[in-house]
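Subject: the model, and what turned up in it

Hi,

Here is the structure I promised to pass on. Have a look at it first, and my notes follow below.

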Amino acid sequence: MPSKKALIRRPGPRVADGLVTHLRRAPVDRELALRQWDAYVGALAAHGWETLEVEPADDCPDAVFVEDTVVVFRNVALIARPGAESRRGETPGVEEAVGRLGCSVNWVWEPGTLDGGDVLKVGDTIYVGRGGRTNAEGVRQLRAVFEPLGARVVTVPVTRVLHLKSAVTALPDGTVIGYEPLVDSGSLFPRFLAAPEEAGAHVVLLGGAKLLMAASAPKSAELFADLGFDPVPVDIGEFEKREGCVTCLSVRLRELYA
């Protein structure tokens, strides 16, 4: 049976101080961010996901974006080496968490850099964004770990957003969705659907037809509903100010061995 476990990490006291690359910095209300995070975690739990809280990394303002720290394919975890040096202290707690779950653990080594937000898995295909946070050596090391397990790794250019999954994610049927002004090369995906809003490019597959997505993308939610999917909106506005989206607030582990 597929597993339904999700790693999460509570926003730390410095969440307002994190990196901003493509947006103008805006004030973040930490108390509101905590309430939004609680609602996000609650939505996962309400749809059958066991949430596992990674130990805090309070000295790292971006630690709540736990997806960037690790990539898991089947039962193998690749601990990232974030492209931003200030984020490298986030990985030890995540390494411990995936080790406790029984994952085989690998690491990205210098000079490679890799952010988990640059990795989109669609079946056995792994799309890797090559851009500001993930370099060619990071892609090479990911390929070396996952191709022997049967993955097909495809490199995708990323120049208009922070991470690949800031531009595209995928629906349960494998269709890649993205906000076209931010997608460098939609032709790399066999099936591509344009979302009408930037936040509409980001979905988390909860199971069946249910899609966790930001409340800031109502037109996209309507589109997905018309296609037969069931949107589950959550307000993550404080994290969107920090270039965050629904995918980067958790690491979904669907293929862990029993």
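This is a predicted model: local features need pLDDT of at least 70, side-chain atom pairs count only at pLDDT 80 or more; totals for chains, interfaces and linings use all residues.

Let me begin with strand E8 (152-157) and helix H4 (164-167), which each supply at least two residues of the lining of the second largest cavity. Helices here are DSSP runs of H or I with at least four residues, strands are runs of E with at least two, and both are numbered from the N terminus. That cavity holds about 40 Å³ of space. Its lining consists of Val156, Pro157, Val158, Val161, Leu164, Ala167, Val168, Leu182, Val183, Asp184 and Phe189. By class that is 10 nonpolar, no polar and one charged (nonpolar: Ala, Val, Leu, Ile, Met, Phe, Trp, Tyr, Cys and Pro; charged: Asp, Glu, Lys and Arg; polar: the others, Gly among them).

Residues are numbered from 1 along each chain as its sequence is written, and side-chain values use heavy atoms, with hydrogens and water left out.

As for how the spaces were defined: on a 1 Å grid over the protein atoms alone, a cavity is a set of points where a 1.4 Å probe fits but cannot get out, and a pocket is an open set with protein on both sides within 12 Å along at least five of seven lines; lining residues have an atom within 4 Å of a point. Points are joined across faces, edges and corners, and a volume is the space filled by probe spheres set on them.

The structure holds two cavities of 30 Å³ or more. The largest has about 150 Å³ of space and 19 lining residues, with Asp68, Arg87, Leu162, His163 and Glu243 nearest its centre. Its lining splits into five nonpolar, six polar and eight charged residues.

Of its 27 lining residues, Lys121, Val122, Leu205, Arg252 and Arg254 lie nearest the centre. Strands E3 (70-73), E6 (119-122), E9 (168-170), E12 (204-207) and E15 (251-253) are the elements that give two or more residues to this lining, and E6 has the largest share, with four. The classes are 14 nonpolar, six polar and seven charged. The second largest pocket comes to about 260 Å³, and Leu23, Glu198, His202, Glu240 and Glu243 are nearest the centre among its 14 lining residues.

One residue I'd click on is glutamate 90, in the loop between strand E4 (76-79) and helix H2 (91-100). Glutamate 90 is buried, at 1% relative accessible area (buried is under 20%, with a 1.4 Å probe and protein chains only). Its side chain makes a polar contact of 2.8 Å with the side chain of arginine 87 (N or O atoms within 3.5 Å, one able to donate a hydrogen and the other to accept it; residues adjacent in sequence count only if both atoms are side-chain atoms). Leaving out residues up to four places away in sequence, glutamate 90 touches Arg9, Cys60, Asp62, Ala63, Phe65 and Thr69 (heavy atoms within 4.5 Å).

Finally, helix H1 (residues 30-46): aspartate 29 caps its N-terminal end, with a side-chain oxygen 3.1 Å from the backbone nitrogen of glutamate 31. After H1 comes glycine 48, with a positive phi near 90°.

Cheers

Conventions: Buried means under 20% relative accessible area, exposed over 50%, partly exposed in between (1.4 Å probe, protein chains only).
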